[in-house]
Amino acid sequence: MTSLPFPTETIRTRRLDLLPLRVEHAEEMATVLSDPALHTFTGGAPDTAQELRARYRRLVADSPDPAVAWRNWVIRLRDGACPTGTVQATISTSGHETIAEIAWVVGTAWQGRGIATEAAQALVTWLGGQHVHTAHAHIHPAHLASAAVATACGLTPTDDWHDGEVRWCRSIGH
């Protein structure tokens, strides 16, 4: 279990509830994330419910590294009481600075409604409240929708690349 003090709590926005990830979310999330198009830029294929259960078990158990915290949420659209995607933060320390690698995914049926932007902005705000200094995201250069979400969250592209993706960064610290 991690020693980093970042409680996974429900985060609320105008339209969304970001619910702490549970293994029980796997079944419905397998449906939400079932479109192979979601893997256009990242590769791979959609996980089955069984694969997601195994993955979610690892994620909710938290990082085995005490200097790293895994925080994951299911994005639930309150107006339909349905899950639409996920947001996540991998929080670690580097020297005296706390850094979060963030990511988001919204199911194809819910894209184009500002859900990813609203959820990612809420995550960055939450991270700032947890005294995280910097947020990073890695985005494929051709993934214009994710670049728009990152821009709306105040992240800017850097010259750093990792596995074919551009690192975006924002200072959010205190």
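Trp-126 is buried, with a relative accessible area of 8%; here buried means under 20%, exposed over 50% and partly exposed in between, using a 1.4 Å probe and protein chains only. The model is predicted, so local features need pLDDT of at least 70 and side-chain atom pairs count only at pLDDT 80 or more, while totals for chains, interfaces and linings use all residues. Residues are numbered from 1 along each chain as its sequence is written, and side-chain values use heavy atoms, leaving out hydrogens and water.

What does a search of the whole structure find for aromatic pairs? It finds one. Rings of Phe, Tyr and Trp (its six-membered ring) pair if their centres lie within 6.5 Å, with planes under 30 degrees apart called stacked, over 60 edge-to-face and the rest tilted. Trp-73 and Trp-126 form an edge-to-face pair, 5.1 Å centre to centre with 75° between the planes. Trp-73 sits in strand 3 and Trp-126 in helix 3, 53 residues apart, and their pair links distant parts of the chain. Trp-73 is also buried, at 0% relative accessibility. Helices (H or I, at least four residues) and strands (E, at least two) are DSSP runs, numbered from the N terminus.

Now let us visit the sheet. Two strands pair if DSSP finds at least two bridges between them. Strand 6 and strand 8 run antiparallel and are joined by six bridges, with Arg-167 in strand 8 as the bridge partner of His-138. Strand 8 also pairs with strand 7, again in the antiparallel sense, over four bridges, and here His-162 stands opposite Glu-165. Strand 7 and strand 8 form a hairpin with two residues between them.

Where does Asp-163 lie? Asp-163 is in the loop between strand 7 (156-162) and strand 8 (165-171). Most residues other than glycine have a negative phi. Asp-163, however, has a positive phi, near 50°, and is exposed, with a relative accessible area of 70%. His-131 has a positive phi too, of about 65°, and lies in the loop between helix 3 and strand 6.

Finally, look for the largest pocket. On a 1 Å grid over the protein atoms alone, a pocket is an open set of points where a 1.4 Å probe fits, with protein on both sides within 12 Å along at least five of seven lines; lining residues have an atom within 4 Å of a point. The largest pocket is lined by 49 residues, and Leu-38, Thr-42, Ala-103, Trp-104 and Val-105 lie nearest its centre. Strand 5 gives the most to this lining, with six residues.
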